[in-house]
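Trainee: Could we go through this model together, one question at a time? I'd like to follow how each answer comes about.

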Amino acid sequence: MGLIWVPAAKAAATIAGGSNLKKQARAGRRSYQSYALPQRFSLLHPGVMMLFFVAVLVVTLISYHPLLLLLSLVLAAAGVALYLGSRSLLQTFAWLIPSAVIVVGFNVLFNRRGATELATLQFFGSSFTFTQESLFFGASIALMLAAIMLWFRLYQHFMTSDRFLYLAAPVMPTTALAIAMVQRWIPLTKYRWQQIRRAQKSLQIDSGKRRRDQYRALTQSLSALMSWSMEDAIEAADSMQARGYRSKKEHRRTSFRAYRFTSTDAAATALIATLFAIATVTIFATTRDLAFFPVFRGADLLSPVGLAATLALMAFPLLIEGKEKLTWSLRTRIHSQ
Amino acid sequence: MVPTHTHTQPIITAQDLCFSYPQATTAALQVINFSVEFGQFILLCGRTGSGKTTLLRQLVPALRPHGSITGSIEIAGQTGFVQQDPDNQIVTDLVFHELAFALENQGLPTQVIRRKVAEIATYFGLEYLLESPTHSLSGGQKQLLNLAATLVTDPDILVLDEPTSELDPIAAQNFLRHLARVNRELGTTIICCEHRLDEVLSLADRVFLMKKAGECVHTPTPKAAASTQPVQTAALLSYEPQEFVESCAEENKDYVLYLPEPTQIALALAPSDLPLDVRTGRTWLTNILPERSAQRAVEGSCVSQEKVSDATRTNPAITLRDLCFRYDKTEPYILTHLQASFSAGEIHAIVGGNASGKSTLLGLISGVLKSQLGKVKLTKGLRLAALTQNPKASFTCDTLREDLSNVTQHSTPVTPHSTPVILSERSESKDLALDLDPDTYPAADAVANITQQLGLTALLDRHPYDLSGGEAQKAALAKVLLTNPDILLLDEPTKGLDAQAKADIGQVLQNLAAAGKTILLVTHDLPFAARYTQTCSLLANGEIIATAPTRDFFIGNSFYTTPTQRMTRKIIDGCVTVADAATTLISQKD
Amino acid sequence: MHLLTSTLLVIAVLALAVFIYERSRPRPRELMPVVVLAALAILGRIVAMPIPNFQPATALIVLAGYFFGRGAGLMCGLLTALVSNMVMGQGPWTPWQMLAWGLVGYGAGVLGEYVQKRNSDISQESTPERAAARKRTLILQVIVVAYGTVASLLFGMVLDLQFFIAYAWETGWAGLITTWSMGFPMNVMHAASTLIFLGLTLVPWGRKLQRLKTKYGLRPF
């Protein structure tokens with residue numbers, strides 16, 4: 001990936017994700033039920049979660065109406081603040097804003113459509129015109145980008161790898177297994193690397209002053225890491241075979257389903273699907289005539305029903321957490337009396 | 001169990017089984033005959049290279065290696081297989097994924113998998129770990145998980161290839177206890193290859209001994225002739241446990257080292273009615289001793305204390321002052337105000353429970369880790385080298401020869417005042433060492449010298465990963481010794497080694513200490529510490545609780561001590577090693 | 001909208017690739033090298049984070065494809081992208097990365113099969129008496145490294161294309177060219193890292209991988 005914003009975004013994501021991983025490792029357990037933060041949403045079936053994220057992303061991606069995009073951004077930001085804390089939201093904005101500026105700038109600089117002239121630059125005899133419409137369009141797209149990134153931040157939080165694998169395993173058993181295995185091999189490889197470096201250090205092989213020697217020791221350690229991992233991998237392959245993986249009998253591999261689809265999940269699915277359908281249909285129907293160029297028209301092209309459905313869909317996590325919170329506060333009140 | 005139970009159905013029968021790998025000149029298995037009865041616990045023993053693993057793999061249809069096979073092997077049931085390394089067998093990331101793996105392969109429906117996973121987890125007490133990432137488990141938990149993940153499909157036969165060799169003694173005992181439970185409670189037939197006989201021998205119904213072609217006994221002893229198995233051509237001998245230990249007095253003399261310590265002691269006196277564990281050992285002892293009054297031991301083979309003069313004590317090679325260490329600012333301290341000093345020219349052992357900070361301490365001394373408080377002081381001019389726990393981590397090249405010459409290229413050349421160490425008493429190596437002019441000490445000669453002394457010369461062109469556990473440990477040691485250290489730190493040097501390899505390593509270490517090197521090892525292996533070290537320290541609660549000359553250290557303990565001491569405590573005073581007890585008893589008899 | 005349709009297209013191609021892979025039912029011993037190399041690539045990508053876009057992942061994916069076949073290369077690419085993003089952050093770029101890296105690995109597999117058909121082993125230690133063979137080996141090594149370098153550049157351009165389609169499609173050709181030229185320094189960084197890592201590892205790692213292939217009878221697939 002090339003553009004400047006991507007590495008910057010990645011770096012920020014790693015800082016956030018990395019510290020998360022460390023926390024998980026320290027706790028020794030998946031932090032997929034973090035008790036301090038609201039967690040009603042995390043009790044849903046992974047399939048429902050996935051449906052929710054697909055729905056909000058699709059709605060965000062098909063809507064060009066600035067108001068809808070703003071709505072999506074605000075609700076995604078609220079979700080991030082609720083589940084990941086406001087600090088995490090600020091961290092995300094720290095790299096979202098530069099990215100958004102790039103997107104706006106890009107559209108202003110290179111999109112010369114639009115009727116309302118903002119400024120004209122004379123540059124080596126040719127004139128460049130910047131228009132108000134392209135600025136407005138760029139800003140809308142920047143809103144979309146920010147909203148998508150924030151929704152993915154939430155996705156990242158909820159769709160932990162075991163949930164993802166749970167959904168993937170029935171569809172693509174071998175690939176899902178490979179993913180689980182890679183996840184197993186990452187800490188194992190790390191451990192081996194530490195062992196090798198420790199052994200090399202204590203052998204004083206790389207203590208030589210010369211850079212060349214240090215470099216040589218490093219490459220040797222790396223290839224030792226690869227060989228060692230490969231040798232051990234063969235043992236793992238045998239262990240899989242001994243436990244009947246790809247045995248002669250042509251079984252179709254099933255997968256252990258750790259989650260049950262409850263009636264709550266069914267209700268949530270029905271709700272999300274209905275809202276999604278209404279939102280999509282109305283957005284398609286009403287914003288077809290939306291145009292940014294040559295002049296923006298269609299600010300009124302937003303059906304109240306569609307707006308309400310989008311709002312309800314995107315506020316779904318907030319709503320169910322609110323319900324949970326209400327239940328608890330009621331109970332506390334009852335008990336205290 | 002008597003082998004003449006004709007009514008019991010054999011679950012495995014091998015007849016004249018021969019096997020050779022493709023393109024191999026000699027057969028890996030030669031004319032093997034045996035049968036295993038339903039529900040038996042079989043212990044498979046044999047030297048490295050006697051074909052144990054090849055035989056075990058014949059018992060697992062999915063893993064049968066390619067090659068030419070003659071004779072027949074019939075297996076009436078489904079087989080499960082557990083290997084040596086706990087880490088390499090775990091394929092998935094979470095405990096419940098791992099337990100479900102074999103069931104998923106069978107294509108069972110979700111409900112069945114759910115139930116079976118929950119069931120097996122509860123049976124092995126793993127239910128609180130179900131959602132944990134597999135890498136966060138301890139070695140013992142990992143191996144238990146492997147056992148559970150294999151048993152979840154309810155196999156009729158369980159084949160285990162040295163399942164405890166990578167575990168510390170406590171985890172190993174725990175694992176074997178579970179194994180015994182599986183055998184007793186579920187009636188699963190077990191075939192276990194193991195060199196830690198202390199625990200397994202009393203569980204086993206039969207002992208299968210594998211011998212290399214040349215090793216075969218051609219003149220059957222009366223005892224063996226009486227057994228049901230033909231001996232003359234077999235590369236596999238079948239014994240009852242008692243019969244096996246008695247045979248160690250004569251035709252299987254080289255297996256004595258592998259036996260449990262109580263058995264070894266009894267074997268030194270009379271080769272019949274031998275005890276197999278500490279409990280029966282104590283009974284045996286009270287029976288042969290006339291009066292029950294506590295007796296004094298005659299000093300045996302335990303390293304003599306005379307060498308430890310006050311002069312060396314006041315001149316320590318390593319001094320640790322007030323060490324405090326933790327891995328992260330959010331974690332508790334692992335070491336707190338640790339004080340210790342280790343004198344030069346001795347072998348020191350640091351013992352202690354799991355996660356007591358033994359390896360951390362070595363890391364601090366070797367400088368890999370830095371303490372938050374306190375100081376590690378080494379005597380000026382002394383060079384330090386450390387051997388990591390897993391010898392595989394030490395090798396980076398394609399052959400052992402390359403690997404060893406790699407060290408001499410990189411490390412600082414041998415300084416003129418340091419003379420090459422003589423590791424063994426063999427005269428030719430001594431000559432070789434003394435003939436060399438230290439100033440022009442060529443790398444190739446150093447390699448030749450060390451490998452000859454450690455008996456690795458024949459292995460120089462092998463790939464380091466193709467070496468056996470003992471060979472790899474020695475090779476890693478050779479690599480460390482090529483840096484010509486004065487202080488040697490070893491982390492669990494006997495992990496995964498069989499009795500013979502342990503004895504070899506112990507001998508090498510003693511020679512090194514005699515040549516003036518300071519050796520500090522951390523270990524779980526108490527018998528090894530008792531036999532080969534001069535001082536022992538107990539690390540617990542973040543500090544060194546006690547340091548004493550090895551003998552005194554173990555005599556003071558009743559629980560955390562060698563099997564011999566546990567067997568003889570309150571009956572004979574001061575027996576720590578097998579040799580102590582044997583010498584005492586023999587001198588009493590005279 | 002454009003992002004949605006193009007991403008759906010990418011996902012459809014990925015689904016086809018995964019479907020074919022699932023149908024081939026790889027044996028555990030064919031699966032393991034992919035897993036090992038993908039784990040190394042992911043760790044490499046995470047460790048090299050501080051240096052922008054300098055990462056060994058592409059080099060490792062090329063190695064996987066070259067030595068273990070096109071299926072292995074494809075899968076190694078897919079897994080590297082998917083699993084590393086589980087740590088570093090998923091986004092609309094994930095499917096694009098998966099496809100781009102998968103294709104890099106697949107291409108390396110095709111290259112490897114072509115070379116093996118010509119019956120030359122590039123990891124062989126060259127012997128002085130066979131100057132011609134040595135030269136040919138050297139040329140092949142250069143070709144593989146060059147492939148990796150060019151593939152890294154293209155990989156970056158595919159991801160820049162994703163940015164363009166998503167947020168700047170209205171700007172037309174000028175915008176696309178600007179996108180690519182803005183991304184160019186980063187992509188060159190990536191290509192340089194692949195050049196360095198592949199150049200360093202191809203021969204020594206190739207030798208080790210060949211040994212493992214013969215020792216354990218691993219077949220390319």
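Trainee: What mean pLDDT does chain C have?
Mentor: Happy to start there; this is a predicted model, in which local features need pLDDT of at least 70, side-chain atom pairs count only at pLDDT 80 or more, and totals for chains, interfaces and linings use all residues. Residues are numbered from 1 along each chain as its sequence is written, while chains are lettered from A and ligands numbered from 1 in the order in which they are written. pLDDT is the predictor's confidence in each residue, from 0 to 100. In chain C, 93% of the residues score at least 70, and the average is 87.

Trainee: Which element gives the most residues to the side of chain C that touches chain A?
Mentor: Two residues are in contact if their C-beta atoms, placed from the backbone, lie within 7 Å; by that rule 60 residues of chain C meet 54 of chain A. Helices H1 (2–23), H2 (28–47), H4 (70–88), H6 (131–167) and H7 of chain C each give two or more residues to this side. With 15 residues, the top contributor is H7(C).

Trainee: How many residues on that side of chain C are nonpolar?
Mentor: The classes come first: Ala, Val, Leu, Ile, Met, Phe, Trp, Tyr, Cys and Pro count as nonpolar, Asp, Glu, Lys and Arg as charged, and the others, Gly among them, as polar. On the side of chain C that touches chain A, eleven residues are polar and seven charged. The nonpolar residues there number 42.

Trainee: Which element gives the most to the side of chain B that touches chain A?
Mentor: Here 54 residues of chain B are in contact with 48 residues of chain A, divided on the chain B side into 24 nonpolar, 22 polar and eight charged. Elements supplying at least two residues include helix H4 (110–123), helix H14 (400–410) and strand E15 (384–387) of chain B. The most, seven residues, comes from H3(B).

Trainee: Why is H2(A) described as oblique to H10(A)?
Mentor: Axes are lines fitted to C-alpha atoms, for helices over the stretch in contact, and angles run from 0 to 180 degrees between N-to-C directions. Angles under 35 degrees count as roughly parallel, over 145 as roughly antiparallel, 65 to 115 as roughly perpendicular and the rest as oblique. Helix H2 (residues 46–62) and helix H10 (residues 304–314) of chain A have axes 10 Å apart, at an angle of about 140 degrees. That angle makes the pair oblique.

Trainee: Which residues of H10(A) make that contact?
Mentor: From H2(A) come A:Ala55, A:Val56 and A:Val59. The contact residues of the two helices are five nonpolar, one polar and no charged. On the H10(A) side they are A:Thr310, A:Leu313 and A:Met314.

Trainee: How does H2(A) lie relative to H6(A), and which residues of H6(A) does H2(A) meet?
Mentor: The axes of H2(A) and helix H6 (residues 161–171) of chain A come within 9 Å and cross at roughly 95 degrees, which makes the two helices roughly perpendicular. A:Pro46, A:Gly47, A:Met49 and A:Met50 of H2(A) face A:Arg163, A:Tyr166 and A:Leu167 of H6(A).

Technical notes
Helix = DSSP H or I, 4+ residues; strand = E, 2+ residues; numbered from the N terminus.
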